[in-house]
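Trainee: I am new to this structure and would like a close look at a single part of it. Could you take me through the aromatic rings and the strands around them?

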Amino acid sequence: MMYFGFIGSTFGIYSDLSIRSNRCLGQIRYQMSMLHSEQHVALIREALKPLRKSIPKNKSIRTWSYVQFATVENGLPKVRTIVFRGFLNPRSSNTKSGSDSDSSAVNDNENLADGLVFCTDTRSRKVAALADNNKAEVAWYLPTTRDQFRISGDVSLIGGSGDVFNTVPERFKYRIQELMNERIGLWKRMNPPARAQFYWPGNPGEVLHPAWPGELSEKIAATAGDKDSDSDENPTIPDSFLLLILWPTSIDWLNLKTNHRFIDSQRVNP
């Protein structure tokens with residue numbers, strides 16, 4: 001009797017798990033059908049509001065804009081720290097406002113696009129990884145407000161000739177030139193040391209190149225240009241410099257002061 005009771009109990013557990021699994025699959029299918037729809041875009045913009053509110057309260061901390069950026073490379077997770085450069089605003093991107101340390105200025109204009117802006121080097125391994133799988137996730141902790149954000153989404157890379165991997169969402173495909181202007185605007189806001197890395201010889205992560213001139217090379221600094229004197233509307237930008245845009249598909253926000261957690265604005269267990 002105890003044996004049959006055990007079987008019945010076990011069957012009940014598996015039955016419950018099966019029901020939960022089917023519910024999860026149903027939710028995933030629904031979410032996939034919603035992806036990049038107007039309704040989904042509105043949902044993501046609403047879910048981004050806590051991040052927009054949290055950023056200004058953390059700017060007194062020098063590293064507030066450093067985020068952990070994860071990709072999949074040959075089936076394995078890879079993560080690195082990169083610098084958040086701002087929210088995408090194609091209509092007013094090619095400007096010279098802001099310094100490199102504060103180039104990620106947040107504009108609360110509701111008409112802003114939902115893309116998060118970063119930059120990367122064509123020679124980096126994450127570009128090769130994104131060519132195979134353009135899914136990525138950002139983990140971002142803002143200590144002043146004790147907010148943790150996990151933002152997953154699709155990545156687009158914009159170079160001097162446009163959309164590198166043809167992954168820009170449909171609603172922005174007719175605005176490729178504006179995204180290219182965003183790339184120019186970001187380059188103009190960066191200071192010479194930040195620009196210099198895109199002129200370094202060799203590929204990132206490889207054995208040190210024999211022509212390596214040193215981190216403080218005057219040659220590299222001169223090649224990178226003087227930010228303060230760069231008034232050219234179309235500056236010379238190395239092909240290695242790419243605009244990286246993360247288009248969020250899901251936002252997981254946890255506030256560690258209150259243990260309140262929201263996934264895409266839906267309150268969930270912490």
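Mentor: Let's start with Phe-262, which counts as partly exposed because its relative accessibility is 22%; buried means under 20% relative accessible area, exposed means over 50%, and partly exposed lies in between, with a 1.4 Å probe and protein chains only. Before going on, please note that this is a predicted model, in which local features need pLDDT of at least 70 and side-chain atom pairs count only at pLDDT 80 or more, while totals for chains, interfaces and linings use all residues. Residues are numbered from 1 along each chain as its sequence is written, and side-chain values use heavy atoms, with hydrogens and water left out.

Now to the rings. Twelve aromatic pairs are found in the structure. Rings of Phe, Tyr and Trp (its six-membered ring) pair if their centres lie within 6.5 Å; planes under 30 degrees apart are stacked, over 60 edge-to-face, and the rest tilted. Phe-69 and Phe-118 make a tilted pair, because their planes stand at 55°, with the ring centres 6.1 Å apart. This pair links distant parts of the chain, with Phe-69 in strand 1 (residues 66–73) and Phe-118 in strand 4 (residues 116–121), 49 residues apart. Strands (E, at least two residues) are DSSP runs, numbered from the N terminus. Both Phe-69 and Phe-118 are buried. Phe-262 has a ring partner too: with Trp-253 it forms a stacked pair, 5.3 Å centre to centre and with 20° between the planes.

Phe-69 and Phe-118 also belong to one aromatic cluster, together with Trp-64, Phe-84, Phe-87 and Trp-140. Over the face of Phe-87 lies Arg-52, at 3.9 Å from the ring centre; a charge sits over a ring if NZ of Lys or CZ of Arg is within 6 Å of the ring centre and within 35 degrees of the ring normal.

Next comes strand 8 (residues 241–255), where 13 of the 15 residues are buried. Two strands pair if DSSP finds at least two bridges between them. Strand 8 pairs with strand 4 in the antiparallel sense over six bridges, and here Phe-241 of strand 8 has Asp-121 opposite. Twelve bridges, again antiparallel, join strand 8 and strand 6 (residues 147–159), with Trp-247 of strand 8 facing Asp-154. Strand 9 (residues 260–263) runs antiparallel to strand 8, and four bridges join them; Leu-254 stands opposite Arg-261 in strand 9. The hairpin of strand 8 and strand 9 has four residues between the strands, and there Asn-259 takes a positive phi near 65°.
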